[in-house]
Amino acid sequence: MAIKKNGSRGKPPERNGNGSIIMTTPAHPVSGARRPPKEPPPAPLPEMPSVPATLPAGIPPPQMEPMRKSNTAMLRRHDMWEQALRQLDETAALLKLDKDSHVLLRHPKRTLEVAVPVRMDDGRVEVFQGYRVHHNQYRGPCKGGIRYHHEVSMDEVKALAMLMTWKCALMNIPYGGAKGGVVVDPQKLSEAELERLTRRFTSEIMIIIGPDRDVPAPDMGTNQQTMAWMMDTYAMTTGHSVPQIVTGKPVAVGGSLGRIEATGRGVSFVTAAIAKEMGLDLKGLRVAVQGAGNVGSNAAKALHELGAKIVAISDVRGGVFNPAGIDPFKLFASMGPKDAVQEHTQGEKVTNEELLTLDCDVLIPAALGGIITEVNAHKIRAKIIVEGANGPTTPDADAILHKNGVVVVPDILANAGGVTVSYFEWVQGIQYYFWELEEINTRLKRVMLSAFTSLYALSRRERVSLRTAALMISVKRVAEAAKCLGLFP
C-alpha cells in the first residue's frame, strides 16, 4: 500500500529516467587468493546461469536506458532499485522460486513520502522531502536506518529496505526490512535545525513506526543523538517512554553497549574469517579503508587490534597511504569532528579513487554505494573486498573482479553487525534488562561467523559467489515465511 502526503515545497524526489542502466550479475564461483592457499584450490567451476530473458508471467524486467560511462557517479542514486530487483530475479531463478513468492518479494509492502517543514534559525520555513519504506514484515517488525543526505531518493530507500530484508534474514534475525531518509545535507544545518528536522520528520512518519511495527536506527548522516530525539518525540506523543522504538541511541537513555562499534567490529570478524579460508595470515594483513565514518573507523580499529596493518584510510576529502602502517587509535584520537584525515596522518596523500586501487591485501569500501564500477574494477589490486558500505560494488564490477580473482564479501553479511546489535538493543529494551559488553561482543561474533560459515559452505557446494550464496539463503528464508503466513484475506 502506498501512502503519500502532498504539499512539499522543498526539493522534489528524484525519479528514475535517463541515465539509468540494467546490469546483470553473473553467478560465479568464489575466487581463490593470488598467493597459494594452505590447501589446493578446487578446479575451475562453471558459471551458474543468469536470470532467464523472459521472466515468469506478471514479472516484467526493469526497463532502463543505458548509462553513459562518463557519468558513473549517477549509479549510486539512480538505479539501486533496478539493481536490487535484478539481484532478486536472478536469485529467484537459481532457487526456482515459485511465481507467487517471487512477485510478492518484488514489491515493498508500504511506502510513505512526507513533507518536512522546518523553522530555520533565521526564522524562515524550509520544507524538506522525507521517506520511509517497509519492504516486508513476513519475519517480524520492520528494521532499518534513517539517513540524511542531499541525494536521498525514494528508489534508493526502496532498494536499501529490500537489502535490509535480505540482511536480517541472512543473520536469522526476526525482522523485515525498512529504510528511511530525508533529502538534506546535514553539514549545512545547525544542531538546533537538525533537532527540529528530526522531531518533525519523526512526527510525520509516526503513523507507520512503532516498537512492534518499525524500529528505526541511525544510518548515513545520522547518529545516536538523532535517535534520542526520535525516541523523545515518540514518547512526547504517546505519553510514556518507549526505549525500544529506536536502536542506536545513547546508553544513557537505554542504548546498548557496543552498538556504535558493532558494524565495524562485524566487518573485522568476517575479514578474519575469509582471510583464514584463503590461507592468509591476519597478522600483518595489509588493509585499506575507504571511509573514516562510524563503520570505517571502527573496522580499522578492530582489525588493528587483531594484528592487521592499516596501510591506508580516507574520509570525504581524501586519504593517506602509508605502507609502514597507520595507528587508527592515535589518528582518530587526534582528530576533531570536522578535521580531515590528511591533516593528522603522515604518508602519501591519495584521493578516494586512488585509494581503491592501492596495493593491499584487503580493501574495505565503507563510504557510499556504487563506487567500484566497470570503470575502475580492473585497476583494483586487493585480493579481498569486504563491503562495509551498502552496495559499493556494481554488478558489472563484480564480473570484472571475479575474472581478476578478487573475492568480494557482500554487504548483507559484512556490515550486518550493526543490525545484529540493534536487535540485541531492541530485546534489552523490551526486557528492561541490559547485557555486559563482553556478552554482546561474544554474541555478535557467534552470529556473524555462523552466517559466514553457512554462506561460504553454500558457495562451495553450489559453485556460486559469496554474494549469490548470501542472497540464496536470505530469499529462501523470506519466501518460506511468506508461504507459511499465506495471504489475508
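Let me begin with a term: a residue counts as buried when its relative accessible area is under 20%, as exposed when that area is over 50%, and as partly exposed in between, with a 1.4 Å probe and protein chains only. What we have here is a predicted model, in which local features need pLDDT of at least 70 and side-chain atom pairs count only at pLDDT 80 or more, while totals for chains, interfaces and linings use all residues. Residues are numbered from 1 along each chain as its sequence is written, and side-chain values use heavy atoms, with hydrogens and water left out.

First, the overall picture. The protein chain has 15 helices and 13 strands, these being DSSP runs numbered from the N terminus, with H or I of at least four residues for helices and E of at least two for strands. Of the 489 residues in the chain, 59% are buried. If a contact is taken as heavy atoms within 4.5 Å, then 72% of the contacts with a separation of 6 or more come from residues 24 or more positions apart. The accessible surface, from the Shrake-Rupley method with a 1.4 Å probe and, for residues, only the protein chains shown as cover, comes to about 20300 Å², and 53% of it belongs to carbon and sulfur atoms.

Now to the salt bridges, which are defined by a side-chain nitrogen of Lys or Arg within 4 Å of a carboxyl oxygen of Asp or Glu. The whole structure holds 22 of them. In one of these, aspartate 121 and arginine 196 bring their closest N and O atoms to 2.6 Å; because aspartate 121 lies in the loop between strand S2 (110-119) and strand S3 (125-134), and arginine 196 in helix H5 (residues 191-205), the pair ties together parts that are 75 residues apart in sequence. Aspartate 121 is partly exposed at 47% relative accessibility, and arginine 196 is partly exposed at 32%.

Which residue meets the side chain of lysine 249 in a salt bridge? The partner is glutamate 425, at 2.7 Å from N to O, and this pair links distant parts of the chain, with lysine 249 in the loop between H6 and H7 and glutamate 425 in helix H13, 176 residues apart. Lysine 249 is buried at 3% relative accessibility, and glutamate 425 is buried at 1%. Another salt bridge joins lysine 383 to aspartate 361, with the closest N and O atoms 2.9 Å apart. Here too both partners are buried, lysine 383 at 10% and aspartate 361 at 3%. A network of salt bridges links Arg147, Glu156, Lys179 and Asp219.

Rings of Phe, Tyr and Trp (its six-membered ring) pair if their centres lie within 6.5 Å, and planes under 30 degrees apart count as stacked, over 60 as edge-to-face and the rest as tilted. There are six aromatic pairs in the structure. One of them is the tilted pair of tyrosine 423 and tryptophan 426, 6.3 Å centre to centre with 35 degrees between the planes; these two are three residues apart in helix H13 (residues 417-431), so about one helical turn separates them. Phenylalanine 424 and tryptophan 435 form a tilted pair as well, at 5.4 Å centre to centre and 50 degrees between the planes. Phenylalanine 424 is buried at 5% relative accessibility, and tryptophan 435 is buried at 12%. One aromatic cluster takes in Tyr175, Tyr423, Phe424, Trp426 and Trp435.

As for the interior, a nonpolar core is a set of buried Ala, Val, Leu, Ile, Met, Phe, Trp, Tyr and Cys residues joined through side-chain atoms within 4.5 Å. The largest has 83 residues, of which Trp166, Leu170, Ile274, Ile364, Val386, Val409 and Leu413 touch the most other members. Apart from it lies another core of 26 residues, among them Val118, Ile146, Ile208 and Met231.

I will close with some backbone details. Lysine 96, although not a glycine, has a positive phi of about 55 degrees; this residue sits in the loop between H2 and helix H3 (99-105) and is exposed, with a relative accessible area of 72%. Tyrosine 432 likewise has a positive phi, near 55 degrees, and lies in the loop between H13 and H14. Finally, a cis peptide bond, with omega about 0 degrees, joins phenylalanine 488 and proline 489, the latter lying in the segment after helix H15 (466-485).
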